[in-house]
Amino acid sequence: MNIEYCLMEKEMEGYKAYGIAAIQEQTVADYVSDISIDKEMVKNMVVLFNRNQLCLEHFRDVILDLIS
C-alpha cells in the first residue's frame, strides 16, 4: 500500500511545532505532531520519506533515529 507523508503544523503553548502525518487511502494512518520547531528539518524528512517510500511500520522508528 502506498503511503504519502505530509508536513503538519500545530500551535502549541507559546510555539509552533511541526509534525508528519502518514496518509494511506485518504485516511491518516499515523501522526507524530511535535517533532521539531524547525520547519525545514521536518519538511526534509517528509521529502525523504516520500522519495524512499518509507513503510508505515518503520515511520516512528525512523523519526526517532533522525532526531536522536
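## Ground rules

A polar contact here is a pair of N or O atoms within 3.5 Å; within protein, one must be able to donate a hydrogen and the other to accept it, and residues adjacent in sequence count only if both atoms are side-chain atoms. This is a predicted model, with local features needing pLDDT of at least 70 and side-chain atom pairs counting only at pLDDT 80 or more, while totals for chains, interfaces and linings use all residues. Residues are numbered from 1 along each chain as its sequence is written, and side-chain values use heavy atoms, with hydrogens and water left out.

Let's begin with serine 36, which is found in strand β3 (helices, H or I with at least four residues, and strands, E with at least two, are DSSP runs numbered from the N terminus). A polar atom of the serine 36 side chain lies 2.9 Å from the backbone nitrogen of aspartate 38.

Serine 36 is buried, with a relative accessible area of 13% (buried means under 20%, exposed over 50%, partly exposed in between, using a 1.4 Å probe and protein chains only). Leaving aside neighbours within four places in sequence, serine 36 is in contact (heavy atoms within 4.5 Å) with Ala17, Tyr18, Met41 and Val42.

## Helix α1 and its buried face

α1 has 13 residues and reaches 18 Å from its first C-alpha to its last, close to the 18 Å expected at 1.5 Å a residue (that is, 1.5 Å times one less than the number of residues). Which residues of α1 are buried? They are Val42, Met45, Val46 and Phe49. Seen down the helix axis, the buried residues of α1 fall within an arc of 100°, so they line one face; the arc is taken from the directions from the axis to the C-beta atoms. An α-helix has 3.6 residues a turn, so residues three or four places apart point the same way.

The cover over the buried residues of α1 includes β1, β2, β3 and α2.

## The core

The largest nonpolar core has 14 residues. By nonpolar core, we mean a set of buried Ala, Val, Leu, Ile, Met, Phe, Trp, Tyr and Cys residues joined through side-chain atoms within 4.5 Å. Those with the most contacts inside this core are Tyr5, Ile20, Ile35, Met45, Phe49, Phe59 and Ile63. At least two of its residues come from each of β1 (3–11), β2 (16–24), β3 (27–36), α1 (39–51) and α2 (59–67), and α1 gives the most, with four.

Phenylalanine 59 sits in helix α2 and is buried, at a relative accessible area of 0%. Beyond its neighbours within four places in sequence, phenylalanine 59 is in contact with Tyr5, Ile20, Ala22, Asp30, Tyr31, Val32, Phe49 and Leu54. Phenylalanine 59 and tyrosine 5 are 54 residues apart in sequence, yet 9.6 Å apart C-alpha to C-alpha. Isoleucine 63 touches Val32, Ile35, Met45 and Phe49, not counting residues up to four places away in sequence.

Glutamate 25 lies in the loop between β2 and β3 and has a positive phi of about 50° although it is not a glycine. Glutamate 25 counts as exposed, at 58% relative accessibility. Glutamine 53, in the loop between α1 and α2, also has a positive phi of about 50° and is exposed, with a relative accessible area of 60%.
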